[in-house]
Amino acid sequence: MKNLSVNKNSVISRLINNYLLSHKFTIFFALIMMIISAGATGLHAWLVQPALDEVLIKGNKEMLFLIPIAIILVTLCKGLATYTHSFQMSKVAHSVIAKLQTQMFEKLMYLNLNYFNDSKSGNLISRLINDTYYLRLAIVKSVTAVIKDILVIVFLLGNMFYQSWSLTLFAFFAFPLAIWPIKKIGKSIRKITYEIQNEIAKFSNVLSESIKGIRQVKAYNREEYEKKRAFTTINFIKKFFIRSAFVSNRLSPLMEFIGSLAVAVSIYAGGVFVLNESMTTGQFMSFLVSLLLAYQPVKALGNLNISVQEGLASAERIFLLLDTSLEKSEKHESSKNINLKGNIKFNDVNFSYTEQKVLNNINLSIECGEKAAFVGLSGSGKSTLINLLLRFYDNYSGEISIDQKDIKSLSLFDLRENISLITQETLLFNESILDNIRYGNMSSSDKEIEDIAEISGVSKFANQLPGKLNTVVGESGIKLSGGQRQRIAIARALIKNAPILIMDEATSSLDNLTEKEIQLALDELMKDKTTIIIAHRLSTIQNADVIFTLEKGSIESKGSHEFLLKNSAVYKKLQLQENANEH
């Protein structure tokens, strides 16, 4: 926690310089409105003096008419100014938060897979939603309230000094006593808020996992376990919020006591001044009204420190994400619109996620238009080869090239634009079937998508749905079967029409009948493309031009289906396993 106080000034200056200064004209306009609003409050207090001295005591009939009109006009000006500065500052706060959320989301989109492997989705979501909520409140309250309340206090103090400078000094002797506890309470609240934000992030993660995995939860009767996980985090959050309330609520009675001391001293001293005729009744009442009106903004400034500290704790977590090291970001160079043919080579490629090597001296070549397959036991490195080809990870040694071009020399956009990927777990977005297919090529027309839907077999089931291709599929495609989702994934790859196609166990979760139906769509998709298949069933890759068998991160053998059945121990083992599963 020591770093929190060290970073405080840099967080504040960064918020001001990078986010608030760009709205300086709006803030300046709001400031003028705050001055008018604060001045109106001071004027209200001043009007008490002529109302008493001129109307009630001297019986001035002209003032009896003018003062009520003045009060109404001042109130109207104050209301209009208050509305205007509140609206303008809210606009600034929402703009700042929108900019931060935009920057955070953009940062997330370009971070590499290592970062996401080490992070929890709930924590990231919490920073974009929960932390920005606290910061938004802090900006609205701090900038608006600090300036306005200080201005109100200044105008009221001006009236108090105008009425009696000596009585003003008596009244404010107690307020410096509040400075130390306000500072100490604010520091404690900041630490507690940081812990609260972390616990809320954990809860978001538990919630996300439980909801996404609800089928597993129910299938394994783990409702009680998930409840226990969630309740533990909820209790931690409750404990920290109670601690926060325990600390922050001390401030209100403290300010009440200090305020009452000031009022008590003022009444006593003011009474003496009035009795000695060194002050009129109107002056004393105007002074007293100013003092009572000043109490609220002084108290608000004390409570404001709590909101500011909560906002700063949130800002630290936000900047922690924005300042993520460039080493964890993908390098996105500008596109050169390169069209590849698909001649792929791995030359002495070694790779490890941690210290344990996953790939050892991989050397392989796939010719343009060739259909290649990778097979092997779980953990042999099949999917890792695909991850490297797509440059999900760049920290490998050796060289991977396409058409004699090192893939590290290509922009990520150009590389990935030339590759279509279909995985076992098909991710669909909670949008229409049409939009999910269009995800493969955002410039494709509805007519092109309809044609692709026909080729891939999507139309076969979509035409039976009420909205046809405009049917919304639900979160992750929950409203569709596995085979239907897979057909949409194939349609998405078809519409992209990339020269290289990768299928990572694309049909392993489907039954044999569905797989055979989808295979027709896949055959259409693989025409004139360099195709890489990671296979679960050997029967699906028997007609591959070349099959590579992997064992413990190394290529054990390569050849045709018949060649490997005779010469590859790994392939024979996989064949025996498949035969055993079929019987």
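What follows is a chat about this model.

Modeller: It is a predicted model, where local features need pLDDT of at least 70 and side-chain atom pairs count only at pLDDT 80 or more, while totals for chains, interfaces and linings use all residues. Residues are numbered from 1 along each chain as its sequence is written, and side-chain values use heavy atoms, with hydrogens and water left out.

Colleague: What is the mean pLDDT of the chain?

Modeller: The mean is 76, and 78% of the residues reach 70 or more. pLDDT is the predictor's confidence in each residue, from 0 to 100.

Colleague: Where does pLDDT stay under 50?

Modeller: Over residues 1–6, for which the model has 8 contacts beyond four places in sequence. A contact means heavy atoms within 4.5 Å. Where pLDDT is low, the predicted coordinates should not be read in detail.

Colleague: How many helices and strands are there?

Modeller: The protein chain has 20 helices and 10 strands. These are DSSP runs, numbered from the N terminus: helices are H or I, at least four residues, and strands are E, at least two.

Colleague: And what share of the residues is buried?

Modeller: Of 583 residues, 47% count as buried. Buried means under 20% relative accessible area, exposed over 50%, and partly exposed in between, with a 1.4 Å probe and protein chains only. Among contacts between residues at least 6 apart in sequence, 78% join residues at least 24 apart.

Colleague: Switching to rings. How many aromatic pairs?

Modeller: The structure holds 6. Rings of Phe, Tyr and Trp (its six-membered ring) pair if their centres lie within 6.5 Å; planes under 30 degrees apart count as stacked, over 60 as edge-to-face and the rest as tilted. Tyr83 and Phe87 form a stacked pair, 6.3 Å centre to centre with 10° between the planes.

Colleague: Where do Tyr83 and Phe87 lie?

Modeller: Both are in helix α3 (residues 61–109), 4 residues apart, about one turn of the helix. Tyr83 counts as exposed because its relative accessibility is 57%. Phe87, at 42%, is partly exposed.

Colleague: Why is the pair of Phe374 and Phe548 tilted?

Modeller: Because the ring planes meet at 55°, with the centres 5.5 Å apart. This pair links distant parts of the chain, 174 residues apart: Phe374 is in strand β3 (residues 371–376) and Phe548 in strand β9 (residues 546–551). Phe374 and Phe548 are both buried.

Colleague: Which charged end sits over Tyr396?

Modeller: That of Lys408, 4.2 Å from the ring centre. Arg14 lies over the face of Phe319, at 4.1 Å from the ring centre. The criterion is NZ of Lys or CZ of Arg within 6 Å of the ring centre and within 35 degrees of the ring normal.

Colleague: Now the core. How many residues has the largest nonpolar one?

Modeller: It has 36 residues, and those with the most contacts inside it include Val375, Ile433 and Ile437. Such a core is a set of buried Ala, Val, Leu, Ile, Met, Phe, Trp, Tyr and Cys residues joined through side-chain atoms within 4.5 Å.

Colleague: Which element gives the largest share of this core?

Modeller: Helix α17, with 7 residues. Apart from this core lies another, of 33 residues, among them Leu15, Leu100, Tyr115 and Ala315.

Colleague: Last one. Is α12 mostly covered or exposed?

Modeller: Helix α12 (residues 382–389) is mostly covered, with 7 of its 8 residues buried. Just after α12, Arg391 takes a positive phi of about 60°.
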